[in-house]
Amino acid sequence: MGDTVRTDVLIVGAGPAGLMAAAWMAQMGVQAMIIDQKSHHTRCGRADGLESRTLEILDSFGLADRVWAEANHTVEIALWPGWSRFHESTLSQAKVEEYLMGYVRGRGNVEVRRETTPTTLEIDDHSKFPIRMNLESVAHLPKSHFNGMDTSGSDTSSEPHSDDSGYVGMDTVVEAKYIVGCDGARSWLRKQLGLRLEGESSKSELCAADIRKRSIVKTKHGTLMVIPRERKLVRIYVELHSDVATRYREEQDSEVLMDEVEKIMRPYMMKTKHIDWSTAYTVGQRVCRKIGLHNRIFLAGDAIHTHSPKAGQGMNVSMQDTFNLGWKLASVIQGTLHPQILETYQQERLPVAERLIALDQRICRGMRSLRDADGETNLSRFDEDHKRVMEEENFKGSIIGEDW
């Protein structure tokens, strides 16, 4: 038999957005619970770009110096001086999550439950704790390196697999004052609320892999982006024919990816003995236009905006969503701000999500090669809009950093 617990804030999803929300609760002494179906934080792959404004956010929690010391700094781009003591850099999502989780656990007022998934949601506006959610313990299923987890070449350090609750293996009912959904692009919470992402997928197929100067190569054979990483890693993004993407997913063979890289690099060569992580995905841009309900339920991160990784903004925007929401939510709970302040979350962050999608669409158009009826590439130049959007991204820094 399970138990019933009460908490001020229930956070669904322990990725960067969820952990940033939890960091605010930890910082301000608000009782909170964060749940995630995985047994551990991300270990490899996924997001890696960090913008100046995001590093300043991490600095406000005393975490930036550790992140900055470990990250690879993108110094060979033009930057306006004086904006920030930090500049664009790359560090794996795994490390960012690790540092945020350490901060959250260190304060003692945020309960962490791993291997836990929500099953039902009820809302009672007349209750002091109007959110009622059933949680279920789930068995951990190991994942392969093709979806970003558990590779032999990755950093396998993580927090313990057990949670903080003492109720492992039991189902639980949680009653909460507020809930924050940071549970990704397939958000369970968003679906329970009857909300959906609006947008579409393109016909572009891309592949990402971790194998040092950031560069973009466009040839008659396709497009390749190379991004330097920490620990002498290099991430590559490769444009794929649809049939190649299908074969890669079926065979789960990284050599399929490297064959495409070699074609694009001709007459030059790129070889590697080991690929830490790789994945294939279809490019799509979508946004959920309702991100807060009843001033009680909020969505953040990939639950409200999905896009390609081309602009390197995903982890940044996600953490900035909950940085914006977190202090407001904690202040309302503590009685120092009127609940009406929570309405500004939708007002401030939805336009940011829309700008992000527009930026990503422009970058993807520039990265995509045009092909004729026979599948041959007939465009290998950078058009003017692609040049402009790359200048905007590089020279101005994060487009979303000005309205945390």
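1. The protein chain has a mean pLDDT of 79, with 73% of its residues at 70 or more, pLDDT being the predictor's confidence in each residue on a scale from 0 to 100. This is a predicted model, in which local features need pLDDT of at least 70 and side-chain atom pairs count only at pLDDT 80 or more, while totals for chains, interfaces and linings use all residues. Residues are numbered from 1 along each chain as its sequence is written, and side-chain values use heavy atoms, with hydrogens and water left out.

2. Two segments call for caution in reading. Over residues 143–162 pLDDT stays under 50, and the model has 61 contacts for them beyond four places in sequence, a contact meaning heavy atoms within 4.5 Å. Residues 165–169 also stay under 50, with nine such contacts.

3. Of the 404 residues in the protein chain, 56% are buried, that is, under 20% relative accessible area with a 1.4 Å probe, protein chains only.

4. The whole structure holds six aromatic pairs, counted where ring centres of Phe, Tyr or Trp (its six-membered ring) lie within 6.5 Å; planes under 30 degrees apart are stacked, over 60 edge-to-face and the rest tilted. Phe61 and Phe323 are edge-to-face because their planes stand at 85 degrees, with the centres 6.2 Å apart, and both residues are buried. Trp24, Phe61, Tyr103 and Phe323 form one aromatic cluster.

5. Phe298 and Tyr345 make another edge-to-face pair, 5.9 Å centre to centre and with 85 degrees between the planes; both of these residues are buried.

Key. Buried < 20%, exposed > 50% of the residue type's maximum accessible area, 1.4 Å probe, protein only.
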